[in-house]
Amino acid sequence: LHGHTGRKENHLPVAERLCAAGFRCLLVDLPGHGDHPDRFASFGVREVGLPAAALAEAARQFAFDPQPAGLFGISQGGAIALQAAAADRDPWFAVAELSAFADLDAVIANQAQRWFGPLRLPAQAMVRWLVEKRAGYDPSRVRPGHAAAKLDRMPVLIGHGDDDRFVPPEHARQIYDAVPSPRKQFLTITGAGHHTVLITPQPVYATVAKFFLDSLPVR
């Protein structure tokens with residue numbers, strides 16, 4: 001699942017590496033992005049059922065067994081992956097995310113502080129109003145950290161760049177701490193910002209692939 005302002009084709013290089021590890025990859029355009037017919041994203045409010053529905057439809061159309069299946073997303077996609085896994089755990093054996101936020105309202109507050117300083121509170125209120133007016137949802141409802149608290153058995157990987165100034169690293173720690181599953185892993189990506197978690201010297205692709213391989217259910 002891709003990040004905000006992205007589209008499915010952005011993840012072709014990601015899919016190529018995971019396919020090399022033996023996985024089949026399904027890429028989708030999220031609402032408000034690419035070729036998706038919906039105009040606005042809602043960061044998980046309306047997207048939680050999309051991954052499972054896309055998996056079921058693709059399995060039917062291309063005649064493959066949909067199980068086992070894992071979820072992987074970056075930024076917005078990571079936040080949606082966590083919420084989708086928490087909403088319906090049956091289709092997924094594991095979930096991994098990079099650069100996700102724990103609380104969308106906190107991201108808005110952080111950016112309001114960064115750009116508007118002493119005017120941060122009216123700026124934050126304006127963004128909330130615009131989101132509700134145009135996209136029809138309340139940003140305070142988007143809390144992947146709360147969704148993570150429902151992942152009590154599933155293997156979970158939480159990764160974040162330690163130089164991320166858009167979504168500060170403490171979001172990742174909040175998500176990780178909220179996950180009750182004993183099968184969880186934290187990945188600090190040294191020197192990475194919000195948009196550079198996959199282009200550092202660290203073997204992030206290999207780490208993600210190994211996480212999914214190690215998490216596969218025994219048949």
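Me: Is the crossing of helix 4 and helix 5 left-handed or right-handed, and which word describes helix 4 relative to helix 5?
Reply: In this predicted model, the axes of helix 4 and helix 5 come within 8 Å and cross at roughly 135°. Angles over 145 degrees would count as roughly antiparallel and those from 65 to 115 as roughly perpendicular, so helix 4 is oblique to helix 5. As for the hand of the crossing between helix 4 and helix 5, it is right-handed.

Me: Which residues of helix 5 are met by helix 4, and how many charged residues does the contact have?
Reply: From helix 4, the residues taking part are Asp 105, Ile 108, Ala 109, Ala 112, Gln 113 and Phe 116, and they meet Arg 120, Ala 123, Gln 124, Val 127 and Arg 128 in helix 5. Sorted by class, the contact of helix 4 with helix 5 has six nonpolar and two polar residues, and the number of charged residues is three.

Me: Which two helices each supply at least two residues of the lining of the largest pocket, and what is the volume of that pocket?
Reply: The lining of the largest pocket consists of 42 residues, and those nearest its centre are Gly 3, His 4, Thr 5, Phe 43 and Phe 166. By class, this lining has 24 nonpolar, 16 polar and two charged residues. At least two lining residues each come from helix 4 (104-116) and helix 5 (120-135), and the space in the largest pocket is about 1,000 Å³.

Me: Where does Phe 43 lie, and what is its phi?
Reply: Phe 43, one of the residues nearest the centre of the largest pocket, lies in the loop between helix 1 and helix 2. Its phi is positive although the residue is not a glycine, with a value near 60°.

Me: What is the volume of the second largest pocket, and which residues lie closest to its centre?
Reply: For the second largest pocket the volume is about 670 Å³. Among its 30 lining residues, those closest to the centre are Arg 24, Cys 25, Leu 26, Gly 70 and Leu 71.

Me: Which elements each supply at least two residues of the lining of the second largest pocket, and how many of its lining residues are nonpolar?
Reply: Helix 1 (12-20), helix 2 (50-62) and strand 1 (70-74) each supply at least two residues of this lining. When the lining of the second largest pocket is divided by class, five residues are polar and three are charged, while the nonpolar count is 22.

Me: Which peptide bond is cis, and where is Pro 68 found?
Reply: The peptide bond from Gln 67 to Pro 68 has omega near 0°, and it is cis. Pro 68 itself is found in the loop between helix 2 and strand 1.

Key
Residues are numbered from 1 along each chain as its sequence is written. This is a predicted model: local features need pLDDT of at least 70, side-chain atom pairs count only at pLDDT 80 or more; totals for chains, interfaces and linings use all residues. Side-chain values use heavy atoms; hydrogens and water are left out. On a 1 Å grid over the protein atoms alone, a cavity is a set of points where a 1.4 Å probe fits but cannot get out, and a pocket is an open set with protein on both sides within 12 Å along at least five of seven lines; lining residues have an atom within 4 Å of a point. Grid points are joined across faces, edges and corners, and a volume is the space filled by probe spheres set on the points. Helices (H or I, at least four residues) and strands (E, at least two) are DSSP runs, numbered from the N terminus. Ala, Val, Leu, Ile, Met, Phe, Trp, Tyr, Cys and Pro count as nonpolar, Asp, Glu, Lys and Arg as charged, and the others, Gly among them, as polar. Axes are lines fitted to C-alpha atoms, for helices over the stretch in contact, and angles run from 0 to 180 degrees between N-to-C directions. Angles under 35 degrees count as roughly parallel, over 145 as roughly antiparallel, 65 to 115 as roughly perpendicular and the rest as oblique. A crossing is left-handed if the near helix is turned anticlockwise from the far one by less than a right angle, and right-handed if clockwise. Contact means heavy atoms within 4.5 Å.
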